Amino acid sequence: MLNALVLTLDRAQLMRCAEELAGAKDRSEYEDRLDVLEALIRDTWALRLGRPEDTIVNRDLFSQLQKIADEMPSTRAAQWLARIEEMRGELEVNINRKIASDALLVSMAAA
């Protein structure tokens with residue numbers, strides 16, 4: 001997902017990612033998927049800010065995350081994390097996960 005958002009700008013891939021995100025069996029699994037996305041964004045942001053590799057949660061993805069971090073403005077990561085948290089609040093009122101996922105990735109792509 002981050003690769004499509006930052007490096008390839010592949011809108012079709014983003015829509016597939018939105019479908020995969022929304023394909024969670026239930027709200028708990030959906031939120032788990034958001035947790036993973038947030039962790040990847042935080043890792044990328046940390047690398048962008050020059051943090052050492054040993055501070056990264058997803059060290060197994062270090063080389064991929066570094067490539068993304070090299071191309072991603074740090075302000076974009078902050079915007080993405082804010083949007084995810086905003087969407088989490090919207091989940092409290094039982095919004096449609098498919099619509100929310102599509103809207104999240106479209107807004108992240110526009111940031």
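**Leu 65 and its surroundings**

Trainee: Leaving aside neighbours within four places in sequence, which residues is Leu 65 in contact with?

Mentor: Leu 65 is in contact with Leu 2, Leu 40, Asp 43, Thr 44, Leu 47, Ile 56 and Asn 58, once neighbours within four places in sequence are left aside. Please keep in mind that this is a predicted model.

Trainee: Which helix does Leu 65 lie in?

Mentor: Leu 65 belongs to helix α4.

Trainee: And is Leu 65 buried or exposed?

Mentor: Leu 65 is buried, because its relative accessibility is 4% and the cut-off for buried is under 20%.

Trainee: How far is Leu 65 from Ala 46?

Mentor: Their C-alpha atoms are separated by 9.9 Å, while the two residues are 19 apart along the chain.

Trainee: You listed Leu 2 as a contact. What does Leu 2 itself touch?

Mentor: Not counting residues up to four places away in sequence, Leu 2 touches Leu 7, Leu 37, Leu 40, Ile 41, Thr 44, Leu 65, Ile 68 and Trp 80.

Trainee: Which residues touch the most other members of the largest nonpolar core?

Mentor: Those are Leu 2 and Ile 41, in a core of 32 residues. Two or more residues each come from α1 (2–8), α2 (11–22), α3 (27–48), α4 (62–71), α5 (74–91) and α6 (97–110).

Trainee: Which of these elements gives the largest share of the core?

Mentor: Helix α3 does, with seven residues. As background, nonpolar side chains in soluble globular proteins tend to be buried together.

Trainee: Let us stay with α3, then. What about Leu 34?

Mentor: Leu 34 lies in α3, and it is buried, with a relative accessible area of 0%. Beyond residues up to four places away in sequence, Leu 34 touches Leu 21, Ile 84, Met 87, Arg 88, Leu 91 and Leu 104.

Trainee: How far apart are Leu 34 and Val 57 in space?

Mentor: They are 15 Å apart, C-alpha to C-alpha, and 23 residues apart in sequence.

Trainee: A change of topic: how much space lies in the largest pocket?

Mentor: The largest pocket holds about 440 Å³. Its lining consists of 17 residues, and those nearest its centre are Met 1, Leu 2, Val 36, Leu 37 and Leu 40. The elements that give two or more residues to this lining are α1, α2, α3 and α4.

Trainee: How many residues of each class are in that lining?

Mentor: There are 11 nonpolar, three polar and three charged residues in the lining of the largest pocket.

Trainee: Now for some charged residues. Where is Arg 83 found?

Mentor: Arg 83 is found in helix α5. With a relative accessibility of 16%, Arg 83 counts as buried. Apart from neighbours within four places in sequence, Arg 83 is in contact with Glu 90, Ala 103, Leu 104 and Ser 107.

Trainee: How far is Arg 83 from Ser 107?

Mentor: Their C-alpha atoms are separated by 8.0 Å, although the residues are 24 apart along the chain.

Trainee: And Asp 102, is that buried or exposed?

Mentor: Asp 102 is buried, at a relative accessible area of 19%. This residue lies in helix α6. Its contacts, leaving aside neighbours within four places in sequence, are Met 15 and Ala 18.

Trainee: Next, the backbone. What is the phi of Leu 9?

Mentor: Phi of Leu 9 is near 55°, a positive value in a residue other than glycine. For context, most residues other than glycine have a negative phi.

Trainee: Where is Leu 9 found, though?

Mentor: Leu 9 sits in the loop between α1 and α2. Leu 9 is exposed, with a relative accessible area of 56%.

Trainee: Let me step back. How many helices and strands does the chain have?

Mentor: The chain has six helices and zero strands, in the order α-α-α-α-α-α along the sequence.

Trainee: What percentage of the residues count as buried?

Mentor: Of the 111 residues, 39% count as buried.

Trainee: And what percentage of contacts join residues at least 24 apart?

Mentor: The figure is 65%, taken among contacts between residues at least 6 apart in sequence.

Key
Residues numbered from 1 in each chain as written. Predicted model: local features only at pLDDT ≥ 70, side-chain atom pairs only at ≥ 80, totals over all residues. Heavy atoms only, no water. Core = buried A, V, L, I, M, F, W, Y, C linked by side-chain atoms within 4.5 Å. Buried < 20%, exposed > 50% of the residue type's maximum accessible area, 1.4 Å probe, protein only. Helix = DSSP H or I, 4+ residues; strand = E, 2+ residues; numbered from the N terminus. Contact = heavy atoms within 4.5 Å. 1 Å grid on protein atoms, 1.4 Å probe; cavity = no way out; pocket = protein on both sides within 12 Å on 5 of 7 lines; lining within 4 Å. Points joined across faces, edges and corners; volume = space filled by probe spheres on them. Nonpolar A, V, L, I, M, F, W, Y, C, P; charged D, E, K, R; others polar.
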